[in-house]
Amino acid sequence: MAESPTILVIGPRWVGDMVMAQCLFSALKELHPNAAIDVLAPAWAAPLVKRMPEIRQQIDFPLKPGALEFTHRRRFGRLLRGRYDMAYVLPGSWKSALIPFFAHIPRRFGHLREMRYGLLTDIVPLPDAIKRRTAQAYFGLAQGGSFRAPRLTVDIKNQVTLLDRFGLAPQKFVALMPGAEFGPAKRWPSESYAGLARDLMAKGLKVALFGSKNDRDVTAEIAALAPDVVDLAGQTRLEDAIDLISAARLAVSNDSGLMHVAAAVGTPIVAVYGSTSPQNTPPLAERRELVWLGLSCSPCHQKVCPLGHLNCLKTLEVGQVAAAAERLLELPAAA
């Protein structure tokens with residue numbers, strides 16, 4: 001093995017998974033300090049990957065999510081021939097291993113998943129105990145090194161500009177992330193978030209809502225019920241969200257990509273779980289509270305509640321989440 005290997009990582013397609021992939025990147029850097037690590041990922045991931053010091057560059061993934069496009073993968077793989085010594089394939093699909101195969105990368109690591117014999121040269125065992133524990137599964141691909149929680153860098157200059165633009169002060173506001181791209185079975189109801197926002201504002205804290213343009217309907221519902229919140233959904237780039245969330249005194253989030261972002265910038269986090277389990281994808285933060293009812297029907301890992309009632313989230317009371325927030329804020333509980 002070269003002392004300075006070039007490594008290609010086939011990255012995941014979700015924000016949270018990309019944050020957790022840094023557990024692998026840091027382990028690879030520990031094992032190969034002089035390695036040059038590139039990540040093949042969708043274009044949206046570039047601002048996130050740039051905040052990971054282990055990565056040399058991000059290469060835009062040229063294909064649509066879920067599409068096979070065999071011919072395009074072969075052509076793209078051929079363009080990469082001769083550039084890499086090793087490849088790590090994070091997604092579990094058969095097609096995700098095609099580009100490193102066509103690039104003739106000598107060593108190609110990944111979990112077996114969809115029977116990828118031949119496409120991978122080094123099939124890494126995936127114990128049942130960590131199949132859904134994404135961070136640990138990614139880290140396991142390194143087969144060595146130390147497990148480190150993700151840590152994203154923060155652009156202080158951009159942070160100051162954004163705080164001024166939106167009328168926020170460092171450590172004087174709480175970031176709420178009420179969306180979840182995966183589906184409604186991960187989303188605590190809007191009226192519950194609004195109740196929490198009113199509780200926090202009554203304690204003298206500002207509340208800012210974060211999310212993509214796809215979350216605007218949800219944040220608008222919350223803003224209508226808690227009129228003094230600052231609704232930033234769709235108004236910030238991913239890198240802006242990273243910098244702003246890092247300035248928050250506390251973050252409260254569903255099991256979502258921004259939850260992992262908050263943890264990776266060191267912001268204390270209250271994580272609300274419904275259809276998923278905090279045992280599998282917890283925020284890797286030093287200061288955190290995990291709120292989950294743990295009903296007999298959960299975790300179901302479904303996008304939409306298969307029983308139609310969504311009790312795992314609808315019956316989760318505002319007071320329970322507020323109490324978790326108070327523990328991290330170190331504020332007195334409401335009378």
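Which residues do ring pairs link into a cluster? I looked this up in the model, which is a predicted one, and found that the cluster consists of Phe70, Phe101 and Phe102, linked by ring pairs.

**Aromatic pairs.** I noted 5 aromatic pairs in the structure. For Phe70 and Phe102 I read a distance of 5.4 Å between the ring centres and an angle of 90° between the planes, and since planes over 60 degrees apart count as edge-to-face, the pair is edge-to-face. I then placed both residues: Phe70 belongs to helix α4 (residues 70-79) and Phe102 to helix α5 (residues 98-102), so their pairing ties together parts that lie 32 residues apart in sequence.

I next turned to Phe139 and Phe147, an edge-to-face pair with 5.3 Å from centre to centre and 90° between the planes. Here Phe139 counts as buried, with 17% relative accessibility, while Phe147, at 34%, counts as partly exposed.

**The whole chain.** I recorded 13 helices and 12 strands in the protein chain. Its radius of gyration is 21 Å, close to the 20 Å that the globule rule gives for 335 residues, so the chain is as compact as a globular protein of that length. I also noted that buried residues make up 55% of the 335 residues, and that, among contacts between residues at least 6 apart in sequence, 61% join residues at least 24 apart. For the accessible surface I wrote down about 14800 Å², with 51% of it belonging to carbon and sulfur atoms.

How values were computed. Residues are numbered from 1 along each chain as its sequence is written. This is a predicted model: local features need pLDDT of at least 70, side-chain atom pairs count only at pLDDT 80 or more; totals for chains, interfaces and linings use all residues. Side-chain values use heavy atoms; hydrogens and water are left out. Helices (H or I, at least four residues) and strands (E, at least two) are DSSP runs, numbered from the N terminus. The radius of gyration is taken over C-alpha atoms; the globule rule is 2.2 Å times the number of residues to the power 0.38. Buried means under 20% relative accessible area, exposed over 50%, partly exposed in between (1.4 Å probe, protein chains only). Contact means heavy atoms within 4.5 Å. Accessible areas come from the Shrake-Rupley method with a 1.4 Å probe; for residues, only the protein chains shown count as cover. Rings of Phe, Tyr and Trp (its six-membered ring) pair if their centres lie within 6.5 Å; planes under 30 degrees apart count as stacked, over 60 as edge-to-face and the rest as tilted.
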